[in-house]
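Subject: The three-chain model, with notes

Hi there,

Here is the structure I promised to send over. Have a look at it first, and then read on for what turned up when I went through it.

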Amino acid sequence: MVSYIIRRIFGALIVLLGVSIITFLLAYAVPADPARAIVGPHAPEYLVLQIRKQLGLDEPLPIQYIHYLGNILRGNLGTSYVLNQSVTSLIGQRIGATGLLAGLAFVFELIIGIPIGILTALRDRKLTDHVLSTGALIGISLPVFFVGLELMYWVGFRLGWLPIGGTGGILFAILPALTYAITGAAYYARLLKSSMIDVLNQDYIRTAKAKGASPLRVVMRHALRNALIPALTYAGTDVAALLGGVVVIEDIFGYSGVGQLAFQAIGNLDVPLIMGTVLFATVFVVIFNLIVDILYGIVDPRISYS
Amino acid sequence: MSEVLNITSLSVEFNINGEYYHAVNDVSFHINAGETLGLVGESGCGKSVTSLALVRLLAKSAKISGKALYNGRNLLDLSLEEMHQIRGKQIGMIFQEPMTSLNPVYKIGSQISETLRLHNKISNDEAKRQSLEMLRKVGIARPEEIMEEYPHQLSGGMRQRVMIAIAMINNPQLLIADEPTTALDVTIQAQILDLMRNLSRDFKTSLLLITHDLGVVAEMCDRVAVMYAGQIVEQGLVDDIFFNTNHPYTQGLLNAIPKIDVQNKDRLQPIVGNVPSLTRMPKGCRFATRCPHAMDRCKMESPPLMEIRENHQSRCWLNDAKVV
Amino acid sequence: MKSKKMRIFGVVASVAMLGTALAGCSSQAAQPLKTAPAPSAAKPVYGGSLTMDLSSQFPHLDPAKAYDTTSYEGVLQLYNQLVTYKGATNEIVPSLASYTVSNGGKVYTFHIKNAKFWNGDPVTAQSFITEFERVLNPVNQSGGSGFIDPLIVGSDAYAKGHAKTISGMKAINKNTLQITLENPSATFLYVIAMPFFSAVDPSYVNSHPEKYVDLHPMGTGPFILQTYVPGQKYVFVKNPHYFQKGIPYLNQITFNINNSPQAVMLNFEQGNTGLISWNQGGIPSQDYLPMSTNPKFAKDIVKSVQVAIHYIGLNTKYGPTKNVLVRKALEFAVDKQQIIRLLGGLGVPANEPIPSSMPSAYEKTLPANATYTYNPAKAKALLKQAGYPNGFKTTIYTDNSSPDDVRIAEAVQSMFQKIGVNASINQTTWGTFLTNNEAGKQSIFKLAWIEDFPDPSDFLNTLFNSNQAPVNNSTNFSNKQVDALLNKGALMPAGTARNNVYKQAQNIIMSQAPWIPLYYPIYPAAVQPWVKGFYINPNLTDPLQYMWVVSH
C-alpha cells in the first residue's frame with residue numbers, strides 16, 4: 001500500500017510537470033502584456049519596460065519556464081500581477097472555502113443520488129421508478145445557474161433560511177453545494193440503479209436471502225456495497241467535472257473560492273495566478289483520485305495495490 | 001417415519017411476453033426425516049425452480065400454486081417475516097456456483113457468523129467461536145486465517161465448504177443442495193459429497209439433493225424423483241430407479257452414463273433431440289418426441305403418474321398397456 | 001483610465017427571470033434623469049453601521065497601487081490627499097492642506113493641517129514626499145507615475161534612479177510642502193486629488209514590505225481597516241481622531257465580498273445591504289430596468305452621467321478603415337438611439353469624445369463636416385465612393401467582461417450589415433483584448449474611456465495625440481495640427497482660451513472620424529431610504545464618510 005502511494009505520487013509529479021508546461025504555453029500563446037495592464041495607460045514607456053524586466057518577461061520563454069519551475073520547487077508560485085500578493089497565499093486563503101464547497105457538494109450528491117438509485121432499482125419500471133427517474137432526468141437537464149438562482153431566490157430570499165450569496169462558514173456553502181448536487185446526483189442515481197439491478201441478480205444475493213436476511217438487509221448490506229463500486233469509479237473520473245462545476249457555482253453565488261480566483265485570473269491574464277490555480281486543480285484531482293483508489297481497495301477487497 | 005417436507009401439486013408459471021407458461025407442473029413429492037431425496041433431470045427441467053419455489057426465492061412475477069408443507073406448515077402461505085425465520089435457520093441451502101455465491105466484499109468469517117446472528121441472540125465472540133468450529137467441521141484447514149480472508153482468495157472447493165458451513169451452522173432440519181458439486185473438480189466432488197453425507201447424518205438433516213448426475217444420486221440418495229419438462233416422470237427408491245427402471249427417459253439417462261464394467265465398449269447412447277421449450281409443450285407425453293417407444297397415444301394424451309409397484313411411480317403409457 | 005471593471009461576470013441571468021417582485025420589463029428608460037443630489041441638508045445621525053456587498057476583494061489598498069474603482073472605494077475612506085473635490089462638484093477644495101500658487105502657476109505651496117495617522121504619527125510634508133517618491137519608484141509599479149513624471153521638477157531623474165530625491169519637492173518646514181512644476185498646469189490640482197498622492201506614514205511604509213502595506217493600510221482616513229477575512233469581508237471602523245471634526249457619522253462599514261449580481265440584488269431587496277454603488281460598480285446592468293420600473297425601488301435609484309465615453313475605434317492606419325471615407329461611412333451607419341434603448345436608457349448619445357458632463361470644452365453641436373447623423377443611405381454612398389460598392393468583411397474586437405459591451409458590439413454588427421459591411425465579433429478577455437488593442441492593429445474595436453480627472457486633456461491628449469500611439473491612441477490617429485493644439489493646450493492656464501483650443505482640436509479630430517462616439521454612460525446607484533447623505537461625485541467613489549443611517 002505504501003509503495004503504491006509512493007508510486008502514485010511519483011506519477012502525479014510527472015502529470016504536474018506536463019500540466020505546468022501546457023498551462024505555461026497556453027498562458028503565453030495568448031498575447032497579453034501584463035506590464036501595461038498593471039500600471040495603466042498613463043505610465044511612461046520606461047516604466048513598462050522596467051516592470052517587464054522585473055517580472056522576467058523580457059527573457060525567452062524556455063528560460064521563463066525554467067525560472068518558474070525553479071520557483072515552484074522552492075514552494076514559490078510567484079506573485080499575482082493584478083493583486084500583488086503571493087499566489088500561494090491567495091490560493092491558501094481560499095482552499096478551505098472551495099474544499100468545503102466541493103466536499104459538501106460531493107456528499108450531497110451521494111445523499112441524493114444513492115437513495116434514488118436504490119429506490120429506482122428496487123421499483124424498476126414501477127411508478128416510483130418512473131417518478132424518480134423523470135425527476136433525475138429533469139435534474140440533469142436543468143442548467144446549473146437556473147437551479148442556483150432558484151435556490152438562492154426561494155431558500156435564501158423568500159424563506160430567509162440561508163445566506164443569499166457570499167462567503168463565510170458552512171452555511172454559505174450549503175446552497176451552492178446543493179445546486180451542484182441536484183444537477184449531478186442524477187448521474188449517480190442512474191449508475192447506481194443499473195449496478196444495483198445487476199448486483200441484485202447475483203448469486204450471493206440469493207445466498208443472503210437463503211440465510212434468512214430481510215429485504216432491507218439484503219439491499220443495504222449485501223447489495224449496496226457491491227453496487228457502489230462502479231459509482232466510486234465514476235466519482236474518481238467525476239472530480240474534474242466537480243471542480244469545473246464548482247467554478248461556475250462559485251460565480252453564481254458570489255462564493256469566493258479558488259474558482260473565482262481562477263476566473264478573475266483568466267479575465268485579467270494574470271499568468272502566475274492562472275498557473276497557480278491550474279496546478280492547484282491538478283493537485284486536487286490527483287489527490288482526490290488517489291483517495292478514490294484507496295477507498296476502492298477498502299470497498300472492494302479484490303483490488304490489490306501490488 | 002415423519003415427513004419433513006411434503007410437496008403437493010406444486011406448479012410454477014412464468015410470464016413470458018404477457019402469457020403464463022408452466023415451468024413446473026403438478027409436482028408432488030415428500031422427504032422423510034433424515035432421508036435424502038434426489039431430484040434428477042437435465043438442465044431446464046424445472047428441478048431448481050421447484051426448490052426455489054418452495055423456499056419462495058423466485059421472482060415475485062412467478063405464479064406458484066399447490067402446497068409445500070414443511071413440518072405441517074404450508075411454506076407458500078407464510079408471511080415474509082415467517083419465511084425469514086425459516087430460511088437459514090430450519091432450511092439451509094447450497095447452490096451450484098461456489099465461485100459467485102459468496103459476497104465478494106465481506107470476509108468469510110463475517111459471512112458465516114451472519115447466518116448465526118440473524119437467527120440467534122449471541123455475542124460477537126460466541127458467533128466467531130461457533131463459526132470457527134463449523135469451519136473445522138467442514139474440513140477447512142487453518143480456519144482462523146480463512147475467517148479473515150475474502151472469497152476471491154479461496155478455491156472453488158473451499159468456497160463450497162464455506163457455503164456448506166453457512167447452510168449447516170444453524171443445524172437445519174432440511175438442507176436443499178442444488179447441484180452442489182457440478183462446478184467442482186472430480187476429486188473435490190467426492191470430498192464435498194462425503195462431507196454432506198456425513199454432516200447430514202451427524203446433524204440428522206434431511207437432504208433434497210438436486211442434480212443431473214445419476215452417479216451422485218447412486219452414492220447419496222435413499223429415494224429419487226426424475227423430472228422432465230416440468231413434471232416428475234418417475235419416482236422411487238434408488239434401487240428401483242437404477243435396477244427396475246421404468247420410464248424411457250430414466251432409461252435414457254442411465255444409458256448416458258459411462259460404465260467401466262460393461263464388456264462391449266459401445267459408444268455412449270445420448271438421448272436424441274431436445275427438451276421442448278416452455279412455450280411449445282407437446283399436447284401428449286412431453287417426452288414423446290424423443291422417446292424410442294412412442295406410440296400414437298403418447299402424442300395425443302398426456303400420461304398420468306402411475307403406481308407401478310409400491311413406492312415406485314412412472315408417467316408412461318407403456319405401463320397402461322401392460323396393465324391392459 | 002480605460003474602462004475596466006475588476007469584476008468578472010459569469011453566467012448572467014436577470015433576477016427578473018426568477019419572478020421576483022422586481023420583475024416587470026419596459027423597453028423605455030425610466031423617469032427623467034435626476035441630477036445627483038448635493039450633500040444632504042438634513043441633520044446627520046451618529047452611530048450605526050452600514051453593510052454592502054463588494055464585487056471583489058479590494059485589488060489594492062496601497063494608494064500608490066490603487067487604480068480601479070473598487071480599490072478607490074476602500075482607499076478613499078482610508079487615506080486622504082492634499083486636496084479633494086467638493087461635494088458632488090468638480091471644484092477642488094483643500095483636504096489635508098490648504099495651498100497657494102505662485103511663480104506663474106509653477107510653484108505650489110501646501111500648508112498641511114494638524115492631522116494624525118491611525119498609529120498617532122503626525123502628518124507632515126514628508127508624508128507626501130515619501131508617497132510621491134513611492135509612486136515614481138518603478139519597484140512599486142504605480143500607475144500614477146505618468147501623471148507627475150515629468151510634470152514635477154526632478155521627477156524623471158528620480159524615477160530613473162539618477163537622483164536620490166525629487167528636486168521639485170521640498171519640505172519648507174514640517175507642515176509646509178513646496179512643489180515646483182516644469183510648467184504651469186491646469187490639471188495639477190486634479191492630479192494630486194487622485195488617491196495615488198495620499199499621505200502615507202514614512203516610518204510605517206519604510207519599515208514594512210510593499211506587499212504588507214498593500215494589505216495593511218496605515219492612513220489618516222475617516223475609517224480604519226479593522227479586519228479582513230480573506231475572500232470573505234472587510235470591516236472598517238470609525239477613526240475617532242479624524243482630522244475633520246464631526247466626521248464620520250457611521251461607526252462601522254462591512255463589505256461582504258459577493259460578486260453575484262443576483263445575490264447582490266436580493267440582498268438589497270431584503271434590506272441586508274444599504275447600498276449598491278461603487279462597491280459593485282453601480283447597479284448590475286441587467287437589473288437596472290426591472291428595478292427602475294418597480295415602484296418599490298424606483299425611488300431608491302440615484303443616477304449621474306459619468307465623465308466617460310463608450311466608442312467604436314476606427315483604426316486610421318490599419319485595415320479598410322485607413323480610408324477616411326470608410327470611417328465616415330461607418331459613422332453614418334450607427335444608430336445611437338438604438339444603442340441607448342439597448343442600455344435601458346443608461347446613456348446619453350455622444351457625438352464627440354468630450355463628455356457632456358465635462359465642465360469645459362464640451363460642444364453642443366459640432367461643425368457640419370464633423371457631424372454624423374444616422375443615415376444608412378449616405379453611408380452606402382460613401383462606401384461606394386471609397387471603392388467598396390459591395391461592402392467588405394471585417395472584425396469588431398471587444399472584451400467579454402461586461403455583457404453590455406457584447407450586446408453593443410452585436411448591435412453595431414447588425415447596423416454595419418445594413419450597409420453591406422460584414423463584421424464578425426472577436427470577443428476575448430480583458431487582458432487579451434487590451435494587449436491586442438494597445439498594439440494598434442485592430443481595425444475596428446469597442447472601447448470606453450473613463451476620466452482620471454474632469455479635464456479635456458485627459459481625453460484628447462491621451463487618446464488622439466500621435467505621441468500616444470498605439471498604446472492609448474490605438475486608432476493611430478495622427479494629425480500635425482491636432483498635435484500642435486493639444487501640446488499647446490496642455491501648457492495653458494484653465495479658461496476659455498484653453499477650452500477653445502480643445503474644441504478646435506476636437507473639431508478636426510471628428511472631421512477625420514477616428515472614432516464613432518456612442519454614448520456617455522449614466523451611472524445608477526441604489527440607496528436604501530434609511531441610508532442618508534449619499535451623493536455621486538463624478539470624480540470620486542462613494543462619500544461613505546458623509547453618510548449615515550436612520551432607524552428603519
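Below are my notes, going from the chains as a set to single sheets, helices and residues. Please keep in mind that this is a predicted model.

**How the chains meet**

Two pairs of chains are in contact, and of these, chains A and C share the most contacts. Chain A puts 48 residues into that contact and chain C puts in 51. On the chain A side, the elements that supply two or more residues are α2 (34–39), α3 (45–54), α5 (87–122), α7 (144–158), α10 (215–253) and α11 (258–268). The largest share comes from α7(A), with seven residues. By type, the side of chain A that touches chain C has 27 nonpolar, 16 polar and five charged residues.

Chains B and C, on the other hand, have no contact with each other. The closest C-alpha atoms of chain B and chain C are 44 Å apart.

**Chain A**

Chain A is made of helices: it has 12 of them and zero strands. Its C-alpha trace spans about 85 × 55 × 30 Å along the principal axes. Of its 306 residues, 46% count as buried. If you take the contacts in chain A between residues at least 6 apart in sequence, 71% of them join residues at least 24 apart.

**Chain B**

In chain B you will find an open sheet of eight strands, in the order β6-β7-β8-β3-β9-β10-β12-β11, with mixed pairing. The edges are β6 (91–94) and β11 (306–309) of chain B; each has a single partner strand, so one side of each is left without a neighbour in the sheet. From one strand to the next, the twist averages 20°. Within this sheet, β3 (residues 36–40) and β8 (residues 206–211) of chain B run parallel and are joined by five bridges.

**Chain C**

Chain C has an open sheet of four strands in the order β4-β5-β7-β6, and its pairing is antiparallel. Here β4 (97–102) and β6 (169–173) of chain C stand at the edges with a single partner strand each, so each has one side without a neighbour in the sheet. The twist in this sheet averages 25° from one strand to the next. Four bridges join β6(C) to the antiparallel strand β7 (residues 176–180) of chain C. One place to look is Lys170(C), whose bridge partner in β7(C) is Gln178(C). Lying across β5 (107–112), β6 and β7 of chain C is helix α2 (residues 125–136) of chain C, which runs at about 170° to β6(C).

Further along, helices α11 (residues 324–333) and α13 (residues 376–385) of chain C pack at an angle of about 165°, with their axes 8 Å apart. That angle makes α11(C) roughly antiparallel to α13(C). Between them, the contact residues divide into nine nonpolar, one polar and two charged. On α11(C) they include Leu325(C), Ala329(C) and Phe332(C), and on α13(C) they include Pro376(C), Leu382(C) and Leu383(C). The crossing of α11(C) past α13(C) is left-handed.

Is Tyr234(C) buried or exposed? Tyr234(C) is buried, because 21 other C-beta atoms lie within 10 Å, and 20 or more is what counts as buried. Tyr234(C) is located in strand β9 (residues 233–238) of chain C. Leaving aside neighbours within four places in sequence, Tyr234(C) is in contact with Leu225(C), Tyr228(C) and Phe255(C). Thr254(C) is 20 residues from Tyr234(C) in sequence, and their C-alpha atoms are 5.8 Å apart.

Happy browsing, and write back with any questions.

Best wishes

Technical notes
Residues numbered from 1 in each chain as written. Chains lettered and ligands numbered in written order. Predicted model: local features only at pLDDT ≥ 70, side-chain atom pairs only at ≥ 80, totals over all residues. Axes fitted to C-alpha atoms, helices over the stretch in contact; angles between N-to-C directions. Parallel < 35°, antiparallel > 145°, perpendicular 65-115°, else oblique. Left-handed = near helix turned anticlockwise from the far one by under 90°. Contact = placed C-beta atoms within 7 Å. Nonpolar A, V, L, I, M, F, W, Y, C, P; charged D, E, K, R; others polar. Pairing = 2+ DSSP bridges. Buried ≥ 20, exposed ≤ 12 C-beta atoms within 10 Å, placed from the backbone.
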